[in-house]
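Please read it alongside the sequence and the model shown here.

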Amino acid sequence: MTDNLKEKTAKGLFWGFTNNGVQQLIGVVFGIILGRLLDDTEYGMMAMIAIFPLIAKELQNSGFTAALTNMKEPTDNDYNSVFWFNIVVGFLIYVLLFFCAPLIAAFYHEPDLTRLCRYAFLSIPFSALGTAQQAWLFKNLRVKQQAKAGMTAVLVSSTTGALMAWAGCSYWSLATQGIVYIGLNTLLMWHYSPWRPSLRIDTRPVRRMFRFSCKMLATNIAIHINNNVLNVLLGRFFTTSAAGTYSQANTWSSKCAYLVQGMVSQVAQPVLVGLNDEKERQLKVLRKMMRFTAFITFPLMFGLGLVSREFIVLAITEKWLPSAELMQLLCISWAMVPLTVLLSNMIVSKGKSGTYFWCTVSLAILQILLMILLAPYGIRIMVIGFVILSCLWIFVWHHFTCRLTGYSLTMFLADILPFALTALGVMTVTHLLTMGINNLWLLLLTRVVTAALLYYLVMRLAGATILKECLAFIRKKKL
């Protein structure tokens, strides 16, 4: 049993890494292309409305994916009930947003947003068609199938967006990219999932799950508000260009974090739920996941912050240079996100959706109030405040995890601080060693290679167990 779970977890992490690694690599390539073809105003148009389809998707899903995952053996009737609920709610939300599009445009003082909203929000009903299939794959740890679907969808949609941008389609290319991604990913979920809906509709499973799922729904909406609050406020109180500049910085700084977050989140909740009856073993698995996450996240995010200026100028030209400073700051807060996700998954796996809800909603309220208070001081001060609050809030998540599992603050700091301090020290040394290089290409390459080698050497000399296990798993995959 132990070896089987370990193997499933390892395979899940491998395919999660492959999936997110390929998706982020494709995102980098096409992000560079789109960044060169489009300007900050065009990105700003999409950034200002990005929060609406995200919230709409959560409303149609209503937290049922997490609810199904927390069930020991969900039945076909459970999946079927969720499927038809998502269909009805997804289409109703699109109709509502279709008629609310002029109000959204008026809020931002951008008349062109009316047509853009009505087009971009078509991704909502497309997404509704695949939620139950995705939940089945997630519950059954079919990470490989999810990876194939995600990689294919992101490649096709990114190519479509780049071709449209090259043809001069402006922000419509970004909207189409999103629709194609959701539509194709939904089709592939149907292809890989053996589960199929029936016309026998029973609302009882949905009603039974709703007490748990409604809290997950509200929580996930709060998460999207947290992640997009600056896009909304910058578009409302500043300019479309300011929203675009921040959006570009946030997009690039989030890519490394999403690489790790997506890898871990695809296996964390199902694995932790399966260990609810073995508390000591569950805590051991949580700590191992935390160390692995910190081992990967901190060097990636701090390293990206180190080379942000060179990367922005070389990749998407100097017109996006204002994004570089914001990107450096955001890399700090994004380094905490995968760790926070892991802690929140532990809370959810214990069935404490209420704790998950209040913790996330409280952060959303504080962030909104703080951003409004800091708005008169400019974008940079707003971002600094956002980063500080995000970093401090991880200890709130830890507090509740500790109460449920006995994961003490001493254990938590022992799991993450060695990797955080090592990464910070490595980046500082790398900066000092390379600060005299003037050629941007040479500077970027030298910093990446130097930082990677130094981090590896320090981990090797320190005898880091996580490094040994990662290398052993890679060698096993090659054989």
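Helix α19 packs through its buried residues against α13, α15, α18 (394-405) and α20 (440-462). The model is predicted. The protein chain contains 21 helices and 0 strands.

**Helix α19**

- The buried residues of α19 are Phe412, Asp415, Ile416, Phe419, Ala420, Thr422, Ala423, Val426, Met427, Thr430 and Thr434.
- An α-helix has 3.6 residues a turn, so residues three or four places apart point the same way.
- The 26 residues of α19 should span 38 Å at 1.5 Å a residue, and the end C-alpha atoms of the helix lie 36 Å apart, which agrees with that expectation.
- At Ile416, α19 bends by about 35 degrees. A proline, Pro418, follows within four residues of this bend.
- Ile416, the site of the bend, is itself among the buried residues of α19.

- Asp415 and Arg287 meet through their side chains in a salt bridge, with an N to O distance of 2.9 Å. This pair links distant parts of the chain, with Asp415 in helix α19 (residues 409-434) and Arg287 in helix α13 (residues 279-306), 128 residues apart.
- Asp415 has a relative accessible area of 2%; it is buried because this value is under 20%. Arg287, at 22% relative accessibility, counts as partly exposed.
- Asp415 also forms a salt bridge with Arg291, and the closest N and O atoms of the two are 3.2 Å apart. Here too the pair links distant parts of the chain, Arg291 lying in helix α13 and Asp415 in helix α19, 124 residues apart.
- Arg291 counts as partly exposed, at 27% relative accessibility.

- Glu325 and Arg380 form a salt bridge in which the closest N and O atoms are 2.4 Å apart. The partners belong to distant parts of the chain: Arg380 is in helix α17 (residues 379-392) and Glu325 is in helix α15 (residues 322-349), 55 residues apart.
- Arg380 is partly exposed at 42% relative accessibility, and Glu325 is likewise partly exposed at 39%.
- Returning to the other bridges, shared partners join Arg287, Arg291 and Asp415 into one network.
- The count for the model comes to 4 salt bridges.

**Ser158 in helix α9**

- Ser158 lies in helix α9, which covers residues 143-166.
- With a relative accessibility of 3%, Ser158 counts as buried.
- A polar atom of the Ser158 side chain lies 2.7 Å from the backbone oxygen of Val154.
- Leaving aside residues up to four places away in sequence, Ser158 touches Ile26, Phe30 and Gln177.

**Chain totals**

- Of the 479 residues in the protein chain, 55% are buried.
- Among contacts in the protein chain with a separation of 6 or more, 84% come from residues 24 or more positions apart.
- The protein chain exposes about 21400 Å², of which carbon and sulfur atoms supply 68%.

How values were computed. Residues are numbered from 1 along each chain as its sequence is written. This is a predicted model: local features need pLDDT of at least 70, side-chain atom pairs count only at pLDDT 80 or more; totals for chains, interfaces and linings use all residues. Side-chain values use heavy atoms; hydrogens and water are left out. Helices (H or I, at least four residues) and strands (E, at least two) are DSSP runs, numbered from the N terminus. Buried means under 20% relative accessible area, exposed over 50%, partly exposed in between (1.4 Å probe, protein chains only). The expected span of a helix is 1.5 Å times one less than its number of residues. The bend at a residue is the angle between axes fitted to the seven residues ending there and the seven starting there. Contact means heavy atoms within 4.5 Å. Accessible areas come from the Shrake-Rupley method with a 1.4 Å probe; for residues, only the protein chains shown count as cover. A polar contact is a pair of N or O atoms within 3.5 Å; within protein, one must be able to donate a hydrogen and the other to accept it, and residues adjacent in sequence count only if both atoms are side-chain atoms.
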